[in-house]
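Open the model in your viewer and keep the sequence panel beside it.

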Amino acid sequence: MCGIVGLFLKDKSLEPKLGALLSEMLVSLSDRGPDSAGIAIYGATTGNEAKITIQSPKPERDFRGLDAELAKAIGAPVSLAAKSTHAVIRTTSDKVDAARGALQTLRPDVRIMGAGEAVEIYKEVGLPEAVVDRFDVRAMTGTHGIGHTRMATESAVTTMGAHPFSTGADQCLVHNGSLSNHNNVRRELIRDGMKFETENDTEVAAAYLSNRMAHGKNLGEALEGTLSDLDGFFTFVVGTKNGFGVVRDPIACKPAVMAETDQYVAFGSEYRALTKLPGIDNARVWEPEPATVYFWEH
Amino acid sequence: MPATTMPKAQSDQSHARVFDLAEHSLRELNQALHKLTPGSNETAWEVLHPRGSHSVAVGVDQPVSIDVRGSVGYYCAGMNDGATITVHGSAGPGVGENMMSGQIIIKGDASQYAGATGKGGLLVIEGNASSRCGISMKGIDIVVHGNIGHMSAFMAQSGNLVVLGDAGDALGDSIYEARLFVRGKVESLGADCIAKEMRPEHIALLQGLLDKAGVTGVKASEFKRYGSARTLYNFNIDNADAY
Amino acid sequence: MTYKNPPTTPRKSATFDDYTLSEIRRAAQTGIYDIRGAGAKRKLPHFDDLLFLGASISRYPLEGYRERCDTSVVLGSRHAKKPIELKIPITIAGMSFGSLSGPAKEALGRGATLSGTSTTTGDGGMTEEERGHSKQLVYQYLPSRYGMNPRDLRRADAIEVVVGQGAKPGGGGMLLGQKISDRVAEMRTLPKGIDQRSASRHPDWTGPDDLEIKILELREITDWEKPIYVKVGGARPYYDTALAVKAGADVVVVDGMQGGTAATQEVFIENVGQPTLACIRPAVQALQDLGMHRKVQLIVSGGIRNGADVAKALALGVDAVSIGTAALVALGDNDPRWEAEYNALGTTAGAYDDWHEGRDPAGITTQDPELMKRVDPIAAGRRLANYLKVMTLEAQTIARACGKNSLHNLEPEDLVALTIEAAAMAGVPLAGTNWIPGKNGF
């Protein structure tokens with residue numbers, strides 16, 4: 001059980017404040033999720049450069065010299081910027097898969113949080129305030145982002161159990177609710193070649209989306225699929241390269257509030273998350289309908 | 001027990017007790033309200049900067065008037081018994097839940113479960129209400145100027161729900177004896193909920209509710225009435241699908 | 001001399017036993033599921049499968065009756081201004097006015113008060129009689145919200161948010177038309193004589209994140225005075241306990257499948273929810289993992305019958321137990337003196353569980369004015385107090401034999417198990433071995 005936030009900026013002048021605004025939104029929901037927190041920030045793309053966000057339980061050991069080793073392994077320039085237990089690796093877009101493969105060999109303990117041209121994903125155990133401080137999220141710039149703060153229900157409180165879960169290049173998912181058929185769905189996805197790291201129901205939803213898209217569906221169609229193939233209570237917010245999407249299950253008990261102005265579209269599990277956004281007093285505030293997929297894109 | 005004459009929701013600004021939630025805690029506000037005794041002269045309160053806080057002005061049991069300047073979170077005015085509480089903004093889930101008597105006015109929108117399990121009093125929502133409006137209601141009167149969401153009046157036992165706008169799916173599912181009046185369209189009706197005849201007594205009742213809620217510009221005759229078909233009142237295997 | 005085919009002895013099927021055959025016939029006849037009261041009746045791993053070790057050369061007993069063995073417990077110390085102090089660690093579980101008669105509820109209140117413990121309201125709300133006769137009263141906050149009001153919240157000594165109960169985790173209350181009298185109907189805001197359908201989820205919150213906000217609301221309404229309990233059935237005791245703690249509960253109540261109900265589907269009682277014994281260690285483990293054991297108290301119910309059960313539950317880490325069915329039996333439920341009337345109803349003393357029909361010969365699970373007279377609240381209250389006294393003395397006897405000066409000093413290491421199932425569930429060794437199935441990988 002959890003709190004979710006999402007922010008999509010229409011007004012470019014707010015981009016330097018994305019991290020600060022999203023952090024404020026997330027911290028206001030700390031009561032809903034004291035166990036762990038995570039945030040995905042979508043920043044400017046440079047055309048042919050891609051990023052991989054990695055996490056290590058032993059960052060000192062694993063990040064030292066990694067850029068040079070990777071560059072050598074894949075034959076392309078690699079830069080690495082470390083932030084506490086996470087680091088962002090940059091390389092040319094065509095070398096991302098090679099870099100992922102090389103990482104597995106060079107640093108088997110390192111986990112990949114997400115990859116893509118725009119996205120960086122940070123998630124850790126701890127209160128939202130501690131997590132945003134650790135990764136200096138308030139200083140980050142971007143066009144849009146989603147965040148999550150977690151109260152673990154049936155699986156362990158671990159870094160990998162935190163949301164967002166990556167579902168594909170530049171795509172990730174956060175979830176508030178509790179699925180009831182995720183074990184069966186997980187087994188089918190494993191048979192279809194998907195890999196899992198946790199017992200978490202949200203990881204199953206994320207893998208479901210990736211799997212559908214790998215079979216040719218677009219994200220909107222994959223989200224429609226969740227309404228019939230996943231059972232339980234859920235509000236999903238997905239981040240994509242160009243925006244974000246929202247869907248609530250047909251029973252729609254888990255809360256969801258949206259606010260829109262000329263400057264942004266925002267999502268929060270509670271209205272409380274939106275109160276510090278600029279112009280919120282004059283925003284159009286509404287609740288998404290059940291069993292309906294919503295999308296905002298640049 | 002429904003209140004007959006209620007104080008209008010306007011406070012005498014110059015004598016109002018002002019409570020700023022940016023300076024003081026929620027606990028202080030609610031405890032101060034609970035310390036009121038009959039005959040107290042602190043009959044008007046202003047609550048500033050609620051900023052989406054939960055449980056604002058809950059469990060009030062004196063006939064004071066409270067103006068909340070801003071939007072609130074969950075359960076605002078929960079279990080209200082006699083106060084007149086106006087939210088100059090929107091309300092989160094469960095506004096006025098289990099209200100016993102009194103009046104609550106939401107100037108903006110209300111989220112899910114508005115008026116849930118309310119026993120009495122009047123809840124007026126000037127904007128829209130979300131899903132499950134009036135769920136399990138037990139005597140409260142709810143008047144919504146805008147629309148209401150899906151599964152509204154679920155298992156509604158008694159009281160009246162008046163909607164000037166539209167209603168979402170599964171209206172009045174498993175309803176007992178509550179009365180529903182909808183002026184707009186109803187997306188779909190829930191189990192055992194059917195359209196019913198509007199007889200003169202219903203027109204009169206509805207007009208009374210509209211007057212009490214200060215609604216003008218519409219006529220009672222423009223509404224349709226919905227209520228229980230009463231086929232689920234005693235277990236019968238042929239109705240198994242509805243359970 | 002030739003035999004005709006020698007007959008074999010007639011043999012009934014264990015799978016299609018007499019009860020099963022009668023149930024199939026009943027279903028074919030009526031077309032509706034069987035509804036009854038009480039908890040799971042089939043044989044389950046339970047406290048009988050555990051034994052105390054007692055005193056020995058290495059462990060010395062206390063003198064019975066001379067050396068103190070404390071039985072008191074404080075519930076709700078986490079947040080409440082006024083925690084509940086009980087003289088004995090046995091409380092009376094939630095049972096509604098509506099499912100029980102007024103005199104029965106009064107008897108429970110009188111007996112509990114004489115014993116220095118609490119009673120609990122049920123799905124019908126708080127009656128004046130119960131508030132008047134129970135010195136310590138826990139007020140249940142259920143999905144139905146029948147009769148819920150702020151005045152009773154403030155008059156209560158504690159508030160119990162009911163998420164579920166052991167007989168039917170995931171089901172709501174059920175009261176059939178026969179028991180919806182004028183008074184019951186008025187308290188529940190229902191038409192008289194109809195069948196009450198109850199919601200299985202709360203109307204205005206879903207999930208532990210929202211439960212936290214709801215608990216906060218209840219505290220604000222009652223100025224943070226009262227302990228807030230959260231009650232769950234035996235579904236996922238580890239996670240449920242952890243989440244109740246995270247949502248802010250002062251006390252967690254876990255009710256196993258042997259826990260009774262006034263009425264629900266037989267199939268629900270016997271097939272959903274775990275045995276009480278299987279719920280205890282996971283719930284205690286969750287509290288220990290959160291560093292909250294003894295800071296958030298744990299009450300367990302479902303099949304508690306005697307002082308040995310009380311002692312065993314406490315040894316496994318529980319702070320107090322609750323009794324429901326046993327309390328009713330103490331009042332006179334299923335007493336053989338009404339055997340002729342039980343037979344007329346097609347049953348026998350000890351088996352009568354059609355409490356939903358409201359025809360209880362003992363006058364306890366009924367609203368019939370004539371039958372109700374069979375319970376004298378003062379005498380029945382005395383019987384309950386006697387029974388609670390015996391359970392307490394039994395538990396003290398065991399604790400002293402184990403060398404404890406307080407019931408709360410009993411430990412898992414004081415126990416062994418007679419079966420592999422009980423050893424695994426309770427986390428104690430199989431008698432005569434060092435083996436705890438499941439621990440240390442085997």
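Where is the place of A:Pro16 in chain A? Select A:Pro16: its place is in the loop between strand E1 (2–9) and helix H1 (18–28) of chain A, where helices (H or I, at least four residues) and strands (E, at least two) are DSSP runs numbered from the N terminus. This is a predicted model, in which local features need pLDDT of at least 70, side-chain atom pairs count only at pLDDT 80 or more, and totals for chains, interfaces and linings use all residues. Residues are numbered from 1 along each chain as its sequence is written, chains are lettered from A in the order in which they are written, and side-chain values use heavy atoms, with hydrogens and water left out.

A:Met140 lies 124 residues from A:Pro16 along the chain, yet their C-alpha atoms are separated by 6.9 Å.

Next, show chains B and C. Here 42 residues of chain C are in contact with 38 residues of chain B. Zoom in on B:Asp61 and C:Arg154, whose side chains meet in a salt bridge at 3.5 Å, N to O; the term means a side-chain nitrogen of Lys or Arg within 4 Å of a carboxyl oxygen of Asp or Glu. Across this interface of chain C and chain B the rule finds three salt bridges.

Now colour helix H4 (150–155), strand E10 (196–197) and helix H6 (208–221) of chain C, the elements that give two or more residues to the side touching chain B. H6(C) gives the most to that side, with seven residues.

Technical notes. Contact means heavy atoms within 4.5 Å.
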